[in-house]
Amino acid sequence: MSPSLPKVIFIDAFGTLFGVKGSVGEIYSGLARTAQVNTDPQAVNRAFFQSFAASERLAFPDADPAAIPELEYRWWKVIVADTFERVGALSKFEDFDEFYAGLYGYFETSAPWQVYSDTLSSLARWQSMGIALGVISNFDSRLYRVLTVLGLADYFQSVTISTEVGAAKPSPAIFKAALAKHQCTPQEAWHVGDSEAEDYAGAESVGMRAILIAR
């Protein structure tokens, strides 16, 4: 392989490989209507990002691996409940627990996601060049299923997520965990992502070549 090419390219997941169809607010509001709760999608979208920004990072240091799925489920439940509380709709759900269970499962299907137009061609090109590919993401363990249903899983030799590492980007720990899976140095790897703070700065901090893309 050419010295100018990396041994492995790591790629962020949400916002880089794929994104939501429409907006989170539109999806949440649409699902809420099935529970006979009417909300304004734009208000819900604003509320979601406020709730998400106010939350702790999606990582559980020192957690028992067997407990991680339940911790992920609870973490997101707090955000979803707070989102609807901010728009005055939480009390309108007859059974919020049941509604949330359906919403959580919905985001494990292909329905809410769109793969960006340049994703597959980029992955195929790098794969044809003999470059190993990996995912580094501040996502939960549903990502494995999402990558599969979106037809992306087979491109990647590794998937490294914050909930399993116990550290989220831009922490060096998650980048180092991913590098260890490929037995390569930071100088042999690139990282592609859409967040300047999490992806670009995080990758640079461990010595990887960082590539920032705008979606």
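Strand β4 (residues 132-137) pairs with β5 in the parallel sense, over 4 bridges. Strands here are DSSP runs of E of at least two residues, helices are runs of H or I of at least four residues, and both are numbered from the N terminus. Two strands count as paired if DSSP finds at least two bridges between them. This is a predicted model, in which local features need pLDDT of at least 70 and side-chain atom pairs count only at pLDDT 80 or more, while totals for chains, interfaces and linings use all residues. Residues are numbered from 1 along each chain as its sequence is written, and side-chain values use heavy atoms, with hydrogens and water left out.

Stay with this pair of strands. G134 stands opposite S158 in β5. From β4 the chain crosses through helix α6 (residues 142-149) to β5, and this β-α-β crossover is right-handed. That is, with the strands pointing away from the viewer, the path from the first strand over the helix to the second runs clockwise. Strand β5 (residues 158-161) is covered on both faces. S158 and T160 are buried on one side, V159 and I161 on the other. Buried means under 20% relative accessible area, exposed over 50%, and partly exposed in between (1.4 Å probe, protein chains only).

Helix α6 holds Y144. Y144 is partly exposed, at a relative accessible area of 34%. Y144 and M208 lie 64 residues apart in sequence and 24 Å apart in space, C-alpha to C-alpha.

Now the whole sheet. It is open, with 5 strands in the order β5-β4-β1-β6-β7 and parallel pairing. The edge strands are β5 and β7 (209-212), and each pairs on one side only.

Next, the largest pocket. A pocket is an open set of points on a 1 Å grid over the protein atoms alone, where a 1.4 Å probe fits, with protein on both sides within 12 Å along at least five of seven lines; lining residues have an atom within 4 Å of a point. The lining comprises 32 residues, and F14, F48, F52, W76 and N138 lie nearest the centre. Helices α1 (24-33), α2 (41-54), α3 (68-86), α4 (96-106) and α9 (196-205) each supply at least two lining residues. Helix α2 gives the most, with 4 residues.
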